Amino acid sequence: MTAENLRKYGVFIAALAVACFLPYIGISKFMLNVIIYAGIFSIATMSLNIIMGYTGQVSLAQGAFYGIGAYGLAILTNKAGLNFWMAMLLACLITAFVGLLIGLLAFRTKGPYFIIVTLCFNFIVYVVIKNWDWLSGGVRGQKITGPELFAGREARYYLVLGFVLLTLFIMWRISRSLEGLGFMAVRDNEPLADALGINITYTKIVAFMISCFLAGLAGCLGALHTGYLSPTSAHYLLSFNFIIYLLVGGAGTLYGPIVGTFTVYLALEFMKGIGEYRFMIFGIILILVVIYFPRGIVGGLKSLWKKVAGSRQAEEGA
Amino acid sequence: MDGIDMKVEAGSIVGIVGPNGAGKTTLFNLMSGQLKPTSGRITFEGVDITGSKPFRIARLGMGRTFQNTSLFDRLPLKINMAIARRMRTQSGFFDSLVPLREREEEADVARRAGEALEFVGLAGSAESIAGSLPQIAKKRLAVGMALVGEPKLVLLDEPTGGVGAGDISGMIELICQIKDRGVAVCVIEHKMRMVMGLSDRIVVLNFGRKIACGTPEEVSGDPEVIKAYLGSGYSA
């Protein structure tokens, strides 16, 4: 058990242990609620990490895919009467499929143009959901009732925890795989990756589809937990939130999305006491993070650790 | 480019020379797919690759380096190499989740990456970050990355650009070793003595046109070439 391993796995195991017993260590119902939402949003942030942190494509459409997952679940259970789990799986697959269609269009553009296209798509989805009364219930929204099993808050907490771990696992596997190599190649030097035989468009679309599936999953869980849906579930403001969570936590890192989402979401919840001013404070913090910690909290910690380890080695070697 | 008509034969080294702006890198960009020709055809190993995308041409077996030494600067050397080998693997997203084929291919990629690093003499720096290397190491890494995918032809664009005089002979030796392995080489160079000594044939470009083609001796004696580029002071 080297120092390196202890750091890598020790923190994770400690956090996991805490997470397993969280609902029973005497936190308030409100706190648990906030944590469940943070968990759900961290899944969406992890989805953004795959397309943005690993593949370098900034998507402002994750809010739309969150909403498509949520509404997909609602429509499939309420209107089509599907079993909850089937509906959830199908909703995620539909979201991934929409991601494919959008990707085929959007990846004809690059850089800032791609970002604008994704933002436009998000806007379109929001407007469609808001106005297509028959399908979505319009502004009135829809109710969702999940299985009896998840009527209780604790049960939903463990469901979300399970999916957070699953998503983390998927991200971990991607980051260590040949597929992940392709993603990073596209992120770091697209023309070179092209010249090295990597199909750029195909790689981007695969990353995007995985990302959309997971965003849809987050949407399903969000719908289940709230018990109710409205067009704000697909709002483009959600997309900006995910970007912020990811940047603060650390894009391209494994734990960055979770750290960033929990940090920002919990901080904003706690600062509700000072009203709208919390956004001002938060804005300042965000600017500081982007300037001084461009690699986010996790990225910054990693660099710090490297410096400490480096100087320690230098001492030992001397 | 204007009326380029040339062939590169297997197992030979063809040097591309010409004054600045003659169109040498443009020629490479046309061959490896970064540019589409407005007329004419390009075939590679019997396949018509006119207008094909770079990644398809790379997969057919054409490797290439760039004048500005394009690398994955933030990543370690062995990862740079692994990425260069990625096109020869089949594992996709689902393989990353259920890593049966993935494990095998990962092991193979690691092995080939190691071999390629040894071939270019960088095995000791496998963990170093590419951006931190000196210029000669970066150039050698780029050559290794062009080779690890087992190409039939490599295009080397100024492999000794910005390289110190003491390291040039090492690069020459490396290029000869590439030829010994049966890979055809097309090399753009400004260092006349180097490219004349290295190449089996020379193609001279000026203003986008081929003004001479032949052995180094034939070309250095060609009055057109002397007039355009070598200057009257050069003697073979």
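Predicted model: local features only at pLDDT ≥ 70, side-chain atom pairs only at ≥ 80, totals over all residues.
Reader: Nice. Which residues in α3(B) and α5(B) meet there?
Author: From α3(B) there are L77(B), K78(B), M81(B), A82(B) and R85(B). They meet V109(B), R112(B), A113(B), A116(B) and L117(B) in α5(B). By class, this contact between α3(B) and α5(B) has seven nonpolar residues, three charged ones and no polar ones.

Reader: Switching to the backbone: what is the phi of E158(B)?
Author: E158(B) is not a glycine, yet its phi is positive, about 50°. For context, most residues other than glycine have a negative phi.

Reader: Where is E158(B), then?
Author: E158(B) is in the loop between β5 (153-157) and α7 (165-180) of chain B.

Reader: And why does E158(B) count as buried?
Author: Because E158(B) has 20 C-beta neighbours inside 10 Å, and the cut-off for buried is 20 or more.

Reader: Okay, on to F207(B): what about its phi, and where is it?
Author: F207(B) also has a positive phi of about 50° without being a glycine. You'll find F207(B) in the loop between β7 (201-206) and β8 (209-214) of chain B.

Reader: How many C-beta neighbours does F207(B) have inside 10 Å?
Author: F207(B) has 13, so it counts as partly exposed.

Key: Residues numbered from 1 in each chain as written. Chains lettered and ligands numbered in written order. Helix = DSSP H or I, 4+ residues; strand = E, 2+ residues; numbered from the N terminus. Buried ≥ 20, exposed ≤ 12 C-beta atoms within 10 Å, placed from the backbone. Contact = placed C-beta atoms within 7 Å. Nonpolar A, V, L, I, M, F, W, Y, C, P; charged D, E, K, R; others polar.
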